[in-house]
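Biologist: I'm new to this one. Can you put it up and take me through some local features?

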Amino acid sequence: MSIAPPSSKKPRTSKSPSSSSDDIPVPEITSVDYVTLTSHADAFGVDPIPISWGHPDPSIRGPVICTVRHSSQRNAIGAHSGSYCIYTGLAVAAGKLNPEYVPNLKLTSPVFNIGPHASWSDPKKIASIDPFGHLTNQAYGGYLDKGFDIRPTIAVTKAHIDLPETREAVAAGRLVPDGKILMSCGKSIVRKVAVEPVWYLPEIARRFGCTETMLRQSVFRMTNGMYPELITRPDIKIFLPPIGGLTIYIWGDPDTIPDEDIELTCRVHDECNGSDVFGSDICTCRPYLTHAIEECIKTAQRGGAGVVIYFRKEGRSLGEVTKYLVYNTRKRQEGGDSAENYFSCTEQVAGVQDTRFQALMPDPLHFLGVTKIHNFISMSDMKYNAIVNTGIEIVNRVEIPKELVPDDAQVEITAKVFHGYNAGKAYQGIGENELKKTVGREY
């Protein structure tokens, strides 16, 4: 494997190609026999396909090109599949995947329609996902026909979901099967949208109150220099970060979501593997999630829609290892696991209480065309404020029912309400005395 030799310089493309195949350039196929350590703006052979983030016409906006086959025409930093891109490298190394393979996308188009919405052309509303990421075949078929390797960053499908809590709700009479939203066996019918992150760096920087240069340098530094093009390619404004994406689950008719007169129930949920999958009782994550699903089903049966957005932000985006280290600190500290020291234990281990921030969180809501949420199944003020600050109205905030909070999770719920989470009607009156006396078991 050798370093790529300089290519002859071509005239740089000055504007986004239109949908006409005659305006789409010929793809330059990069050989896999050599690797470029980094690239530089205005260097020989560098001619990225222009992209005008925020333009409502996808053919003028341009496709996000971040595959390895078009290094000179690539207009994004990073790689597809988020953190899973490393496994792609392993598959190539093991001889199981041809690095020149191009996926067959003929049967992958969305099974239901989303958008376009006015929010798609507003970077202040969408800057962390590509709103055209599910329309690769439709919007960029001309590029595919010419031989460009363009990958979807959003996939849209349907499924049946079978949860024991939903079956229990049917048995208890809280949910009534209708054969359309909820089957007699307890399975619910949903539409699902998987989304990989695609960042428009100028707007990401604005939301975090820093310069684009500071953002690029900080990510470069804290990833130990994984992405030198963050420094050497200021002309490329798109970044596919190696982080988890999100999944949108929709009960009911997605076409009703933008209609403010039709009821919409929504929960934005951050991944908690221990609780969501395995039922750990130290937190309220799974019971709050399944309660939200129950409310989404009810809303859909009333003619509205229910939406759960599931972010891969394990352990407040600090990761599961850090999360378990915090658990040990909580359980072993003097006086045991206490609501009074709930947040300080995280900061003691991680140096910060939370790295989810929420500045990017409302983007998938705007992708769906949401302008009004009638029932927001969340007590988080951070999430509430982030959503309403982008222009979405929230009518009702729904707290988790007290009977769903596990005994060992009383530490969490007490600490959160005391420190500003919305108490609703169920958790009024939590003061300093309650904070001090609420403790969890040893392990």
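**Backbone and surface notes**

Modeller: Arg316 counts as buried, because its relative accessibility is 15% (buried means under 20% relative accessible area, exposed over 50%, partly exposed in between, with a 1.4 Å probe and protein chains only). This is a predicted model, where local features need pLDDT of at least 70, side-chain atom pairs count only at pLDDT 80 or more, and totals for chains, interfaces and linings use all residues. Residues are numbered from 1 along each chain as its sequence is written, and side-chain values use heavy atoms, with hydrogens and water left out.

Biologist: Where does Arg316 lie?

Modeller: In the loop between β10 (305–311) and α11 (320–332). Helices (H or I, at least four residues) and strands (E, at least two) are DSSP runs, numbered from the N terminus.

Biologist: And what is the phi of Arg316?

Modeller: Positive, about 60 degrees, although Arg316 is not a glycine. Asp42, also not a glycine, has a positive phi near 65 degrees.

Biologist: Is Asp42 buried or exposed?

Modeller: Asp42 counts as exposed because its relative accessibility is 63%. Its place is the loop between β2 (34–35) and α1 (58–61).

Biologist: Next topic, peptide bonds. Which residues does a cis peptide bond join?

Modeller: Gly115 and Pro116, with omega about 0 degrees. Pro116 sits in the loop between α2 and α3. Pro103 is in the loop between α2 and α3 (136–139), and counts as partly exposed because its relative accessibility is 24%.

Biologist: Now the surface. Which residues form a nonpolar patch?

Modeller: Tyr84, Ile86, Tyr87 and Leu90, with about 500 Å² of accessible area together. Patches take residues with over 30% relative accessible area and no salt bridge, joining like charges within 9 Å and nonpolar side chains (Val, Leu, Ile, Met, Phe, Trp, Tyr) within 5 Å. A salt bridge is a side-chain nitrogen of Lys or Arg within 4 Å of a carboxyl oxygen of Asp or Glu. Areas come from the Shrake-Rupley method with a 1.4 Å probe, and for residues only the protein chains shown count as cover.

Biologist: Where is Tyr84 in the chain?

Modeller: In the loop between β3 (76–78) and α2 (85–93). Tyr84 counts as exposed because its relative accessibility is 57%.
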